[in-house]
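Work through these exercises with the sequence and the model side by side. Try each task before reading its solution.

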Amino acid sequence: MHIVFFGDQHLESLGGAQVSMRLQRRYLERAGHVVTVVAPKMHLEHTADAGYLDLPSMSITPDREYSMAWPGRRTDRFLDRAFTHRPPVDVVHVQADFWGAFIGHRFAHRHGIPVVHTMHNRVDVGMAAVTPLHRPALAVLNLWRRRAMRGIGRPVGGSDGWAFLRGIAQGSSAVTAPSGHFARRLEEHGVFERVDVVWNGIDDELLAKTLAARDSNAATGARRPRFVWLGRMSPEKRLLPFLEAVVESRVDAEVEVIGGGGQLRAAEKIARGHDGIRFAGRLPYAETLARIAAADAVVQTSIGFETQGMTPFEAATLGTPTVVSDPDIAGELHRGLWAVPDASVSALAETLQRAASDIADGTAPTPDPDVAAAFRQSSRTAAMIEIYERVLAER
């Protein structure tokens, strides 16, 4: 099969969806399939790759990490010309929520190609986290969606986040979600009748290497508990409340923050003068996994935003328990966690104290081995290939 991924951002940019799509591509190619990735051209240097089809784009962030391609006739013509030099496309796999989704569905609709659409984003929660004007912003997004996807599927009215997701699912032969809790919400809000659950996974080989390195480098003797927080430094990830909780808790632990973003200065200000908080910046994926494996606990602080929440699942696969703020993620992990009872800083501080105490006493919870087994990318790719084959057979 020739599968074409459509993304909102270039796969060499920072982000969980990008990491997942790079991994999916590698395992699909190992299985003998051809994968082309269509996304906006990135305005930072990166390694050239014949599998990337870069769309004309404009940079949309000061650090030039992220960019945008405009969905319209000019982009349509660019794509159609580019695909005359590539093999015929069997399946379009949209893994985008905004312009990438519009562009991908337009392409599939023009050429009569079936679409599998993976929903990555709780658009309503994400918008509410970054702007007080989220309602008018969502109304504008829905207007844009109706214009960009005119003639694809049935018309979808409404101006909220669920209307937006219902609209971008139009024309899909299958819709997938990276967690059971997000799939249920999509079905309950009428986004798609039956949503397939396919978790984002972790590279089998990298997992084996990380675990082997962890076991060979295991520290002995007494030491302070080690917590790791990682992700994009933006409001919906709730880094600042986490650091406030660390300070309030006075927990005797080493705290490592991995990632970058617009809240770095505010985070450094909160952490100033507090012994034990270290900012590691952005790290390569393999190094990030090594830090998770070496930690005593990972801390996940976003609430309601994550459609899966890769970090706690990566931690569980590596045998590391998690302090979990989101009850949906806690329910999906089953065990191997400390659940934060509410969204307050004080509740998070108390949970950090409890986790540090359990770690020091040797009574930290153990992650569910079934979660670890189901999170391997080989099994996730096999599940997605079944969906591709199903939509082609239905076609």
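This is a predicted model: local features need pLDDT of at least 70, side-chain atom pairs count only at pLDDT 80 or more; totals for chains, interfaces and linings use all residues.

**Exercise 1. The nonpolar cores**

How many residues does the largest nonpolar core have, and which of them have the most contacts inside it?

Solution. 

Step 1. Count the core. It has 44 residues.

Step 2. Pick out the residues with the most contacts inside it: Leu-79, Val-92, Met-119, Leu-165 and Leu-186.

Step 3. Look for the largest contributor. Helix H3 (residues 99-111) supplies six residues, the largest share of this core.

Step 4. Zoom in on Leu-165. Leaving aside residues up to four places away in sequence, Leu-165 touches Met-119, Asn-121, Val-123, Phe-182, Leu-186 and Val-191.

Step 5. Look for another core. A second, separate one has 28 residues, among them Val-251, Ala-297, Val-323 and Leu-348.

**Exercise 2. The six-stranded sheet**

In what order do the six strands of the open sheet lie? Find the edges and the helices that lie across the sheet.

Solution. 

Step 1. Read the order: S12-S11-S10-S13-S14-S15, with parallel pairing.

Step 2. Find the edges. S12 (277-281) and S15 (337-339) each pair on one side only.

Step 3. Take the angle. Neighbouring strands are turned against each other by 25 degrees on average, direction ignored.

Step 4. Inspect one pairing. S10 (residues 226-230) and S11 (residues 254-258) are joined by five bridges. In this pairing, Leu-230 stands opposite Ile-258 in S11.

Step 5. Place the helices. Helix H9 (residues 239-249) lies across S10, S11, S12 and S13, at about 170 degrees to S11. Helix H11 (residues 285-294) lies across S10, S11, S12 and S13, at about 145 degrees to S10.

**Exercise 3. Charged pairs**

Which parts of the chain does the pair Glu-205 and Arg-30 tie together?

Solution. 

Step 1. Side chains of opposite charge can pair when their charged atoms come close.

Step 2. Check the distance. Glu-205 and Arg-30 form a salt bridge at 3.2 Å, N to O.

Step 3. Locate the partners. Glu-205 is in helix H8 (residues 204-216) and Arg-30 in helix H1, so the pair ties together parts 175 residues apart in sequence.

Step 4. Check accessibility. Glu-205 is partly exposed at 42%, and Arg-30 is partly exposed at 45%.

Step 5. Move to Glu-256 and Arg-291. Their closest N and O atoms are 2.3 Å apart. This pair links strand S11 to helix H11, 35 residues apart. Glu-256 is buried at 10%, whereas Arg-291 is partly exposed at 23%.

Step 6. Finish with a network. Salt bridges link Asp-76, Asp-80, Arg-106 and Arg-110. The count of salt bridges in the model comes to 20.

Terms used:
Residues are numbered from 1 along each chain as its sequence is written. Side-chain values use heavy atoms; hydrogens and water are left out. A nonpolar core is a set of buried Ala, Val, Leu, Ile, Met, Phe, Trp, Tyr and Cys residues joined through side-chain atoms within 4.5 Å. Buried means under 20% relative accessible area, exposed over 50%, partly exposed in between (1.4 Å probe, protein chains only). Helices (H or I, at least four residues) and strands (E, at least two) are DSSP runs, numbered from the N terminus. Contact means heavy atoms within 4.5 Å. Two strands pair if DSSP finds at least two bridges between them. Axes are lines fitted to C-alpha atoms, for helices over the stretch in contact, and angles run from 0 to 180 degrees between N-to-C directions. A salt bridge is a side-chain nitrogen of Lys or Arg within 4 Å of a carboxyl oxygen of Asp or Glu.
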